[in-house]
Amino acid sequence: MVDFKHSVVYQIWPRSFKDSNNDGIGDIQGIISKLDYLKNLGITCIWLSPIYASPNDDYGYDISDYYAINPEYGTMDDFDELLLECKNRNIDILMDLVANHTSTEHKWFKDALNNPSSPYRDFYYFKEGVNHREPNNWLSFFGGSSWTKESDNSYYLTSFAPTQADLNWENEKVREEIYNVMKFYLNKGIRGFRMDVINCIDKKPGLPDKNPNKKGYQFPDDYILNGPKVHTYLKEMNEKVMSKYDGVITLAEGCMVTLQDAMNYTNPDNKEIDMCFHFDLSTLGYGSLGKYDFRKFYRFNASDIKSITRKWQNAMMEHHGYIANFLSNHDNMRHIERYGDIKLYYLESAKAFALYNFMLYGTPFIYQGEEIGMTNLKLDYHEWKDYEAINSVQAMHDMLHVPLPIAKKIGQYVTRDNARTPVQWSSEDYAGFSTTTPWIKLNPNYTVINAEDCIKDPQSIYNFYKKLIELRKNNEALCTGTFKELNKDHKSILCFKRSLGEDEYFIMINLTKQASDITLDEPLQGEELLHNGLDKELRRVMKLAPFEAHLYKLIKKEEPQPKVALHSSKYRV
């Protein structure tokens with residue numbers, strides 16, 4: 001069993017991972033068929049995005065039954081087999097815990113909706129409207145009102161999609177039900193949970209208007225994010241569930257999490273959770289309202305990446321917090337096109353940011369297909385599957401009066417569908433994902449970007465990831481060592497050390513597509529362990545090509561020995 005600080009986690013979004021029964025949809029048996037691939041890569045843990053029963057309005061993040069597997073993915077017997085096969089390969093599983101809301105198809109909600117005296121009525125937020133409108137002016141994460149109408153003047157809270165009804169965590173019975181779900185899967189043998197939007201479970205008492213003097217819907221940010229009771233509930237969860245099991249891993253998705261909250265959530269003295277995602281890097285260039293807020297035109301530079309890295313790395317280390325580091329996931333476009341350059345420096349930039357992700361303080365996460373350099377696919381509007389994108393584009397048009405063609409262009413750029421195209425396993429028909437047309441359009445570049453070819457090529461992105469994982473496993477300082485940045489003011493090159501005891505490592509990455517020179521803050525000597533171009537001796541002045549990246553193990557300089565004067569002797573042998 002590997003603890004969370006030494007883990008390498010691979011996120012599987014099941015619908016697009018591997019299809020075993022030729023219906024065009026990924027499934028559990030498909031995952032089982034690729035476990036040896038993951039074992040060979042070197043990962044130690046899988047984060048499994050939701051496989052529970054769901055009507056799929058938000059592809060599994062709208063759960064209709066926590067104790068059942070979505071038939072599209074298989075059965076509970078299939079899941080038990082997955083657990084066993086993972087155990088045989090020393091691979092752990094993190095389940096996705098979606099506890100802020102359920103599907104409106106869940107039996108709790110259906111009873112609450114159909115029976116005004118139902119005890120489940122208090123499992124959710126039902127409120128009377130005000131002046132024939134919604135109970136308050138809250139804007140949902142997916143655009144439009146956060147409220148969905150039940151009847152003439154009754155509404156229920158839906159902070160995300162209208163079919164995702166928010167659970168009322170003030171109700172102790174709600175918390176008990178969620179804890180029972182967690183125990184059910186922990187008893188089956190999973191390692192822990194990634195907790196979806198867990199920092200949203202405390203809503204401001206009374207659910208008042210946000211910015212009541214402003215017109216239109218207002219995003220309720222601090223009214224629904226990181227409320228004080230989130231910490232109370234997480235402590236209770238730890239006491240009643242996590243503390244009863246050995247070696248459990250807990251990971252929070254902190255939607256718009258603040259640095260201070262992340263430190264509080266993950267400080268071991270607080271006994272809440274082990275690690276937390278932050279989204280400052282993934283939201284670079286976004287406006288304050290998120291990915292569909294285009295007012296910054298999605299522009300950022302290397303200095304922004306350096307600043308965010310410095311802020312989170314230093315704060316987490318100094319205050320005993322802990323983060324999960326990632327570049328891509330199921331909610332964002334693939335990072336290789338956000339931070340790299342797929343036209344001129346495809347291999348170099350993919351490897352540079354892989355080195356970046358793995359060398360930071362925190363646990364590295366890989367999103368499926370990232371390790372082979374999968375890219376985004378610009379889908380036409382009629383090809384979109386992403387509810388968030390479809391609804392947000394319409395909201396931009398209706399609320400902000402953005403012309404529909406422009407709104408669609410923005411949606412095409414940021415849609416979650418970018419990261420949800422099927423994994424490209426081979427150059428065979430349907431990329432080896434299936435033997436039939438997949439549920440979503442396949443990226444046609446699978447003929448040149450696929451796992452089968454990558455494995456064979458010693459210079460591939462896949463084999464670079466494999467080396468990174470091996471290096472991290474075999475060098476403790478790269479897992480738990482300190483982080484110290486050098487040359488903070490350099491505009492394009494990120495330099496830092498990871499140190500533990502006598503072991504020191506130096507990482508240097510050009511984050512841009514321009515060549516750059518750097519004079520290091522201090523003279524260093526080192527042995528090169530990994531690079532994405534040519535082997536290069538470590539010198540005080542370095543010239544780096546676009547996206548050039550290096551990892552060195554530092555060598556201590558030997559102190560010059562004092563010279564001993566040799567005196568002549570009158571006695572000679």
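Is T250 buried or exposed? With a relative accessibility of 4%, T250 is classed as buried, where buried denotes under 20% relative accessible area, exposed over 50%, and partly exposed in between (1.4 Å probe, protein chains only). The structure is a predicted model, in which local features need pLDDT of at least 70, side-chain atom pairs count only at pLDDT 80 or more, and totals for chains, interfaces and linings use all residues. Residues are numbered from 1 along each chain as its sequence is written, and side-chain values use heavy atoms, with hydrogens and water left out.

T250 belongs to strand β12 (residues 249-253); helices (H or I, at least four residues) and strands (E, at least two) are DSSP runs, numbered from the N terminus. Leaving aside residues up to four places away in sequence, T250 is in contact with F193, M195, M242, E272, I273, D274 and M275, contact being defined as heavy atoms within 4.5 Å.

Strand β12 forms part of an open sheet of 8 strands, ordered β13-β12-β11-β5-β2-β1-β15-β14 with parallel pairing; two strands pair if DSSP finds at least two bridges between them. The edge strands, β13 and β14 (324-325), each pair on one side only. Helix α3 (residues 76-88) packs on this sheet and touches β2 and β5, and its direction makes about 140° with that of β5. Axes are lines fitted to C-alpha atoms, for helices over the stretch in contact, and angles run from 0 to 180 degrees between N-to-C directions.

Within the sheet, β5 (residues 92-98) is mostly covered, with 7 of its 7 residues buried. In a regular strand the side chains alternate between the two faces of the sheet. In β5, D92, L94, D96 and V98 point one way, whereas I93, M95 and L97 point the other, and all are buried. Strand β2 (residues 45-48) runs parallel to β5 and is joined to it by 4 bridges. The bridge partners in β5 are I93 for I46 and M95 for L48. Strand β11 (residues 192-196) also pairs with β5 in the parallel sense, over 5 bridges, and F193 of β11 stands opposite M95. F193 is also among the residues touched by T250.

Two helix pairs were examined. Two packed helices are described by the angle between their axes and the distance between the axes. Helix α8 (residues 259-266) packs with α9 at an angle of about 35°, their axes being 10 Å apart. In this contact, L259, A262, M263 and T266 of α8 meet K311, W312, A315 and M316 of α9. The contact residues comprise 6 nonpolar, 1 polar and 1 charged; Ala, Val, Leu, Ile, Met, Phe, Trp, Tyr, Cys and Pro count as nonpolar, Asp, Glu, Lys and Arg as charged, and the others, Gly among them, as polar. The axes of α12 (residues 387-400) and α13 (residues 404-414) come within 9 Å and cross at roughly 145°. Here V393, M396 and H397 of α12 meet L404, A407, K408, I410 and G411 of α13, a contact divided into 5 nonpolar, 2 polar and 1 charged residues.

Y298 is located in the loop between β13 (275-277) and α9 (302-318) and is buried, with a relative accessible area of 12%. Beyond residues up to four places away in sequence, Y298 touches G285, Y286, K291, Y292, D293, I410, Y413 and V414. A polar atom of the Y298 side chain lies 2.6 Å from the backbone oxygen of K291.

Notes. Polar contact = N/O pair within 3.5 Å; in protein donor to acceptor, adjacent residues only side chain to side chain.
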